[in-house]
Amino acid sequence: MTDLSELDRGAAPGAADPVKVLLHRHRELCERAVDPLEIAAGLEAHGITDRTAARFRHRDVFSLAEELYARVPRDADAATDGPAAPDAPAREGGGRRSVTVLLLPLLPGALCAASLIALTRTHGQTRLYAAAAGVLAVALALRAALRRGPLALPEHLASRSATGSWTCWLLAYAVLGDGLLRTAIAGGPDGLPDGTAGGDWPLSLAPLLALTLAVAPATWTAGLFLTHARRKLATSRGLEDFAASVRPVLLGAVALFLGTVAALVALCAPFLDTEPVSPAVLALGALLFVARLLTVHGFTHAPRVILVLTAAALVLAPATVFAARLPGCGALGAPVEALTAAWGPTAVPVLTCGAGALTLLVHASRTLTRASAHLRPEQAR
């Protein structure tokens with residue numbers, strides 16, 4: 001992080017060329033940038049605002065970045081020279097990568113649908129094997145889909161995010177949680193889940209199918225957000241102007257994704273004999289989508305904390321009902337039982353996931369609207 005007090009001294013009225021001081025400090029950023037916009041975003045990432053730019057005799061960070069870009073010597077011939085033969089293969093390879101990024105997100109939903117069909121046509125131990133194979137196939141497909149495209153984590157963030165296990169907890173609750181909570185309040189369960197919706201511990205497979213199908217629209221919507229944000233960056237003339245123009249794009253992307261998830265839930269309902277509207281799936285989908293958007297842009301702390309708290313709250317809900325069976329602990333389960341009696345078991349994930357998604361969305365509206373959030377990792381250094 002740049003020492004702003006030192007920058008202020010370099011920008012003092014007595015300094016002959018205050019911009020030269022800034023150029024010296026950020027020469028690597030300026031030399032690597034392909035346009036002034038990258039320099040503006042990099043300066044913002046180092047804590048330089050429009051007010052700071054005024055001390056360098058510029059109206060905003062963007063005009064300051066333009067001067068820095070113009071001052072860095074560049075060899076124009078180096079950018080244009082080079083062998084022409086590899087261009088065609090490169091474009092062909094880029095086209096194949098684009099098709100892969102476009103179609104790979106469809107794989108998790110397709111494999112999940114195939115696994116559910118296999119479950120309906122198997123019984124006994126064979127059904128158990130089919131379920132295990134389906135879970136493994138969907139998990140591998142999800143991993144492959146999330147390693148490419150706009151939802152892929154940069155390499156330097158892979159070790160910092162660590163949200164996969166908590167996401168699995170949330171998905172597991174979406175499948176098992178409502179049935180367990182309903183059965184626990186009724187005094188059960190008396191056995192383990194048998195893989196059916198009508199068993200002693202009923203399963204709900206519609207959320208899993210809808211959310212795996214939603215990987216594709218989540219990827220495409222994230223791509224649209226990134227594209228529009230970079231276009232806004234190219235036309236903005238100040239950091240505040242950029243933030244004001246990107247915020248509606250972010251909210252529109254989240255709304256578009258939620259509309260797609262709602263449509264997928266309605267389409268899956270007739271085949272799985274479930275309700276055509278599921279607020280719990282929408283809340284969980286919004287939570288996971290916004291958390292992933294923040295994570296891929298480098299904001300890993302808030303998503304990790306919110307996912308941990310949400311998963312803990314979901315686990316705690318049936319745990320309090322079971323704990324209420326202990327002597328003298330009947331009051332522990334009263335809040336969850338009252339909430340379930342009034343709104344049904346789905347009220348628990350709707351409230352917890354909805355609160356988490358709203359918290360992350362407010363955070364995203366402040367962080368993803370910064371120009372520095374849209375820098376590539378190598379540009380931010």
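A residue counts as buried when its relative accessible area is under 20%. Keep that cut-off in mind as we walk through this predicted model, starting with one residue and then stepping back.

Ser-365 sits in helix α19, which spans residues 347-367. Its relative accessible area is 13%, so Ser-365 is buried. And which residues does Ser-365 touch, once its neighbours within four places in sequence are left aside? The partners are Arg-247 and Leu-250.

Now for the protein as a whole. There are 381 residues, and 43% of them count as buried, as Ser-365 does. The secondary structure consists of 20 helices and 0 strands. Among contacts with a separation of 6 or more, 75% join residues 24 or more positions apart. The accessible surface is about 19700 Å², and carbon and sulfur atoms account for 64% of that area.

Let us finish with a pair of helices. Two packed helices are described by the angle between their axes and the distance between the axes. Take helix α9 (residues 106-120) and helix α10 (residues 124-145): their axes come within 8 Å and cross at roughly 175 degrees. Angles over 145 degrees count as roughly antiparallel, so α9 is roughly antiparallel to α10. On the α9 side, the contact is made by Leu-107, Pro-108, Leu-111, Cys-112, Ser-115 and Leu-119. Helix α10 contributes residues including Arg-127, Ala-130, Gly-134, Val-138 and Leu-142.

Key. Residues numbered from 1 in each chain as written. Predicted model: local features only at pLDDT ≥ 70, side-chain atom pairs only at ≥ 80, totals over all residues. Heavy atoms only, no water. Helix = DSSP H or I, 4+ residues; strand = E, 2+ residues; numbered from the N terminus. Buried < 20%, exposed > 50% of the residue type's maximum accessible area, 1.4 Å probe, protein only. Contact = heavy atoms within 4.5 Å. Areas by Shrake-Rupley, 256 points an atom, 1.4 Å probe, with all protein chains shown as cover. Axes fitted to C-alpha atoms, helices over the stretch in contact; angles between N-to-C directions. Parallel < 35°, antiparallel > 145°, perpendicular 65-115°, else oblique.
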